Amino acid sequence: MKNPNFNLLRNRILNKEARISIVGLGYVGLPYAMEFARNGFRVTGIDSNEKKVEALRSGESYIMDIGHEELREINGSGAISYTSSYDGIDDADVIDICVPTPLGKSRDPDLFFITSAVRSIKAKIRKPKLLVLTSTTYPGTTREYVAATVSDSGFVIDRDFFVAFSPERIDPANRIYKLANIPKVVGGVTELSGDLAILLFRQIVKDVIRVSSSDTAEMVKLLENTFRSINIGLVNEMAIICNKLGIDVWEVIDAAKTKPYGYVPFYPGPGIGGHCIPIDPVYLTWRMKVFNYRARFIELATDINNEMPYYVVNRLAEILNNDVKSIKDSRIFIVGVAYKKDVNDSRESSAITVIEEILRRGGRVLYNDPYIAAINENGLHIKSTKLSRKALASSDCTLILTDHAVYSYEWIVRHSRRVFDTKNATKNIKSGKIVRL
Ligand SMILES: NC(=O)c1ccc[n+]([C@@H]2O[C@H](COP(=O)([O-])OP(=O)(O)OC[C@H]3O[C@@H](n4cnc5c(N)ncnc54)[C@H](O)[C@@H]3O)[C@@H](O)[C@H]2O)c1
C-alpha cells in the first residue's frame, strides 16, 4: 500500500485523466505538450511570452520541426490550450518545467527562469501534484531547489507532492529520432516520485530508463553534452593540427570512421552553438567550483571551441592575404548563421562571433540564412541578404558557416570569387576557389 495521493495520481496517469501543464513552450516544451495531447491527455501549455501563446492559439508554429498543419490538428482536437497565466495551474496533476537555463553575463548558470516558474507554481498549489523538471541544469537542482522550495510552503514530499528530473534529448532537425523514439531517462527525488514519473513518460515514450535519483538523471544529461563538447573540442584541435601539417582533416575523419568499433565521428566547425553544447558543460564546471575542483578537461574543450570563431577569422585573413587582400575593406558573404544545419535557431551561434570579429577588423559582412531573417544580438543588427549571383560575385570571399541542405553549393562556388568552407559542405565539388577548414 503506497499512499492515497500517490494512488490518485497513479490512477489518473494510467487512465489518461491526469491534466498536464507544460511550462515553457519552446523547442523542448511544445513537442511535449503536443505529444501528451496526441496521446489522450488534457494539456495546458503555459508560456510567459504572450506572442508565442497567441501564435500557438492561431495555429502558427514557430518551431521548424512542428508544421502549422500538425499544430492545427492538435488544436482542433480540443485536447490542448495555451495561456501565459498561471491562474489555472492548480488544475494540473502533472507539471513539467521546460524553461531556459542560460548562462548569465559572467558566464555562470542563470537559474532565473526555473526559480520564477517554481515560485509561480508554488503560489498556486492546493492539491497533490507530480512536478517534473526537464530544463538542463547542474546535479542537485531538482532536489535542493525545486523540492526544497515546494517543501518550504509546508507541503510534504511523497505525501502532498512528488518531484523528478527527466532530461530532454531532442535533436532539432533530426528526422529519425524524435520525442517518442528517443529513450527517456528519469530519476525521482524520492522512490515514489520516480515511480510516478516513469509511469507518466511511459505513456508517450517507447523506452523509459530509470536511474536511482534526480541528481543522477541531471548528471546523465551533462555527461552526454559534455561528451559532445569534448569530442568537438578534440576534432577542432585536429583541424588546427591537420592544417599545420597540410592534411585534409575531413578526409582523415572519413577514413577513421570506417573503424567498426571504438571510434565515433565528430566534425570540426567554426565553433559550437545552440542552447545546449556551449552551456551545459559550464553548469558542471561551475558546480565543481563549490567542491574546489577544476574540471580541466571540460574547460580545455570549452576554450578550444570558444577560440574556433577567431581561428576561422585568422584563416580567412590568411586566405585573403594569399589573394593580396586584407580583411579590412573586404566584403565577406556569409552563408548560414544558424547554430547548426537546417534549424532556425541562432542562439549562441558562433557565426555571431565570426561576424563581430570580421567587423572589428574593418571588414564588411553580408549574410544569407533562409531560416534566420535577422540577427539582433550584443548590439549587432544585421539582416539576411538575398543569395544572388551579384552578391557573391561582388564579395571577396564566401564564408560557409552553416551547411543548410537547401543550398546548392555547386551554384554558390560557381558564382563566388573565393570560398572558405568551414563545414565541408562543398565536399563533392572540385574547384581551385575552395579552401576548407
Ligand atoms: N533546444 C534544445 O535542443 C534542447 C535540447 C535538450 C534540452 N534542452 C534544455 O531544455 C530547456 C528549454 O530549452 P528550449 O530550447 O526549449 O528553450 P526555449 O527558449 O526554446 O523555450 C523556453 C520557453 O520558456 C518560456 N519561459 C521562460 N520563463 C518562463 C516562465 N517563468 N513561465 C513560463 N514560460 C517561461 C520562454 O518564453 C520560452 O518560450 C533548457 O534547459 C535547455 O537547455 C534544450
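**Entry 1. Ligand site**

I began with the position of the ligand. Domain 1 (4-212) and domain 2 (228-436) each contribute residues to the shell around the ligand, so the ligand lies between them. I note here that the model is predicted.

I then looked up which residues make up that shell. There are 28 residues around the ligand, and those that come nearest are Val28, Asp47, Lys52, Tyr86 and Thr101. Sorted by class, the shell holds 14 nonpolar, nine polar and five charged residues.

A polar backbone atom of valine 28 is 2.9 Å from an oxygen atom of the ligand. Arginine 347 places a polar side-chain atom 3.1 Å from an oxygen atom of the ligand. For serine 116, I found a polar side-chain atom 3.3 Å from a nitrogen atom of the ligand. On its own the ligand has 840 Å² of accessible area, and the protein covers 93% of it.

**Entry 2. Aromatic pairs**

I turned to the aromatic rings, where the count comes to eleven aromatic pairs. I examined two of the pairs in detail.

In the pair of tyrosine 138 and tyrosine 283, the ring centres are 6.3 Å apart and the planes stand at 35°, so I recorded the pair as tilted. The label follows because planes under 30 degrees apart count as stacked and those over 60 as edge-to-face, with the rest tilted. Tyrosine 138 lies in the loop between β5 (129-133) and α6 (141-152), and tyrosine 283 in helix α10 (residues 280-290), so this pair ties together parts that are 145 residues apart in sequence. I then checked burial for both partners. Tyrosine 138 is buried, at a relative accessible area of 12%. Tyrosine 283 is buried as well, at 1% relative accessibility.

The pair of phenylalanine 227 and phenylalanine 266 has ring centres 5.7 Å apart and planes at 70°, so it is edge-to-face. Phenylalanine 227 belongs to helix α8 (residues 214-245) and phenylalanine 266 to the loop between α9 (249-256) and α10, so the pair ties together parts that are 39 residues apart in sequence.

**Entry 3. Positive phi outside glycine**

I looked up two residues other than glycine with a positive phi. Asparagine 292 has a phi near 60°, and I located it in the loop between α10 and α11 (296-322). Its relative accessible area is 74%, and asparagine 292 is therefore exposed.

Aspartate 342 has a positive phi of about 60° although it is not a glycine. I placed aspartate 342 in the loop between β9 (331-335) and α12 (350-360). Aspartate 342 is buried, with a relative accessible area of 18%; the cut-off for buried is under 20%.

**Entry 4. Single residues**

I checked serine 395, which sits in the loop between α13 (389-393) and β13 (397-400). Serine 395 is buried, with a relative accessible area of 0%. What does the side chain of serine 395 reach? I found the backbone oxygen of alanine 391 at 2.7 Å.

At 13% relative accessibility, leucine 103 is buried. I took the C-alpha to C-alpha distance from leucine 103 to proline 278: the two are 175 residues apart in sequence and 9.6 Å apart in space.

Arginine 287 lies in helix α10, the helix that holds tyrosine 283. Arginine 287 counts as buried, at 14% relative accessibility. Between arginine 287 and valine 163 I recorded a separation of 124 residues in sequence and 21 Å in space, C-alpha to C-alpha.

How values were computed. Residues are numbered from 1 along each chain as its sequence is written. This is a predicted model: local features need pLDDT of at least 70, side-chain atom pairs count only at pLDDT 80 or more; totals for chains, interfaces and linings use all residues. Side-chain values use heavy atoms; hydrogens and water are left out. A residue is near a molecule or strand if one of its heavy atoms lies within 4 Å of it. A polar contact is a pair of N or O atoms within 3.5 Å; within protein, one must be able to donate a hydrogen and the other to accept it, and residues adjacent in sequence count only if both atoms are side-chain atoms. Accessible areas come from the Shrake-Rupley method with a 1.4 Å probe; for residues, only the protein chains shown count as cover. Ala, Val, Leu, Ile, Met, Phe, Trp, Tyr, Cys and Pro count as nonpolar, Asp, Glu, Lys and Arg as charged, and the others, Gly among them, as polar. Domain bounds come from an automatic or database domain assignment. Rings of Phe, Tyr and Trp (its six-membered ring) pair if their centres lie within 6.5 Å; planes under 30 degrees apart count as stacked, over 60 as edge-to-face and the rest as tilted. Helices (H or I, at least four residues) and strands (E, at least two) are DSSP runs, numbered from the N terminus. Buried means under 20% relative accessible area, exposed over 50%, partly exposed in between (1.4 Å probe, protein chains only).
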